[in-house]
Amino acid sequence: MQSIILIGKPNVGKSSLFNRMAKRRIAITSEISGTTRDTNKTEACIGSKSAFIIDSGGLDESDELFRNVKKNTLKVAKESDIILYLVDGKLAPDEEDRRFFYSLKKLNKPLALVINKIDNKKDEERAWEFSNFGVKEIFNISVTHNVGLDELYNWLEQFLNETSLTPNEEQDLEDFLEHYDENKQEIQFKEVDQNHIRIGIVGRVNVGKSSLLNALVKQERSVVSSIAGTTIDPVNETIVYQDKTIEFVDTAGIRKRGKIQGLERFALNRTEKILQNSQIALLVLDADEGFNELDERIAGLIAKYYLGVIIVLNKWDKSQFDFDKVVKNLKLDRFKFLAHAPIVSVSALSGKRVHVILDKILQVFENFIQKIPTSKLNNLIESATKAHPLPHDYGKLVKIYYAVQYDIAPPKIALIMNRPKALHFSYKRYLQNKIRKEFNFEGVPLIIASRKKGSRENDEG
């Protein structure tokens with residue numbers, strides 16, 4: 001997975017931006033210059049992509065300690081993929097900032113100048129003074145007021161891969177391609193029990209997860225209470241629906257990190273383990289109360305484990321919101337990375353429309369284990385590339401020789417190309433949308449990996 005490092009002098013807001021991007025409070029922030037001395041690292045969602053965010057110690061040469069911090073920071077910068085250089089917009093640019101910035105430009109990595117603490121018109125006028133850094137990628141932001149970050153995220157997203165395979169998954173793909181005979185087109189997918197579906201019910205505290213479980217299994221299986229955090233231990237229950245065994249696990253509600261107390265810390269870890277072993281997640285949201293950053297963070301966990309997903313708007317009977325506007329808000333703004341998820345409105349307490357979830361689970365599971373015939377997949381890819389040709393790579397022709405699905409649960413597709421690194425994320429998304437429309441992958445992530453053809457047949461075109 002690619003990494004984004006936040007660099008700058010002390011007290012410019014690196015740790016605050018780190019926490020904002022991570023959507024949780026990880027790094028300690030304070031007015032004391034030099035609070036962060038070691039690098040901090042976490043995984044975060046940037047739009048529909050994932051990346052590691054790295055918070056670094058401030059660049060300072062005032063004493064031996066800070067010179068060592070600076071040395072470590074620059075070492076990590078060399079190993080990172082993207083660099084964000086932060087400056088304090090309340091102060092005029094100085095020669096030291098310019099010198100540090102120019103030294104980072106020599107690394108030949110995507111580099112942006114981020115001017116923080118732009119809170120008013122006067123700050124915006126002062127920010128123009130930073131144009132003499134000689135860089136086009138300048139972003140005026142206010143981490144405190146959450147202003148200007150969308151433009152920064154859009155810029156970052158173009159440098160990030162659509163999906164990132166783990167080292168084990170990378171090896172699985174390489175092993176598959178090594179033994180794949182494109183003439184036979186017979187593929188041995190991993191074994192999945194098609195009659196047993198594992199469901200994790202997740203959401204923040206008091207959104208009605210336990211009530212939903214009770215409504216789904218039609219019995220008082222999980223303790224329901226108005227006290228937030230009632231469920232600590234995961235609650236398992238199994239039902240049979242249309243000849244399929246569906247195993248539900250009601251997980252503990254997730255709080256903001258600063259409010260997690262005692263046993264709930266263990267509950268959070270258990271929730272993640274449950275998601276690792278689930279196939280589909282029911283993301284429960286409180287339709288009456290509205291949505292917040294914690295909902296986004298929980299949605300990020302679902303994306304992290306490549307699960308099928310159904311978004312459940314609970315307490316809809318109390319909601320004053322318009323359904324179409326809510327769907328637009330979730331898919332185009334808050335949960336763009338889960339835009340493929342079906343959205344169901346229910347009332348767990350009254351049981352209204354809960355049965356719709358069961359039918360959706362079966363549909364999403366079929367999509368999760370769907371196998372696309374190789375011939376049909378390649379016909380689609382050929383048609384898509386003719387309708388919208390692949391952009392050239394510095395004047396060189398970019399070709400997709402063939403496509404093959406190499407795994408299920410979730411579905412994974414390999415594109416065999418002459419220049420795999422030239423496949424832009426926007427074109428990959430175009431192909432994903434075409435495949436989703438043709439074969440129906442509603443509710444499931446669709447992983448596309450590009451790989452080079454064997455050296456004997458390689459065509460650099």
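Guide: Leu212, Ala215 and Leu216 in α7 meet Val354, Ile357 and Leu358 in α11. Contact here means heavy atoms within 4.5 Å. By class, the contact of α7 with α11 has six nonpolar, no polar and no charged residues. Ala, Val, Leu, Ile, Met, Phe, Trp, Tyr, Cys and Pro count as nonpolar; Asp, Glu, Lys and Arg as charged; the others, Gly among them, as polar.

This is a predicted model: local features need pLDDT of at least 70, side-chain atom pairs count only at pLDDT 80 or more, and totals for chains, interfaces and linings use all residues. Residues are numbered from 1 along each chain as its sequence is written, and side-chain values use heavy atoms, with hydrogens and water left out.

Now the geometry. Helix α7 spans residues 209-217 and helix α11 spans residues 354-368. Helices are DSSP runs (H or I, at least four residues), strands likewise (E, at least two), numbered from the N terminus. The α7 and α11 axes lie 9 Å apart, at an angle of about 80 degrees. That makes α7 roughly perpendicular to α11, a label for angles of 65 to 115 degrees. Axes are lines fitted to C-alpha atoms over the stretch in contact, and angles run from 0 to 180 degrees between N-to-C directions.

On confidence: the protein chain averages a pLDDT of 82, and 83% of the residues score at least 70. pLDDT is the predictor's confidence in each residue, from 0 to 100. Over residues 221-233 pLDDT stays under 50. The model has 37 contacts for that stretch beyond four places in sequence.

Note on methods. Angles under 35 degrees count as roughly parallel, over 145 as roughly antiparallel, 65 to 115 as roughly perpendicular and the rest as oblique.
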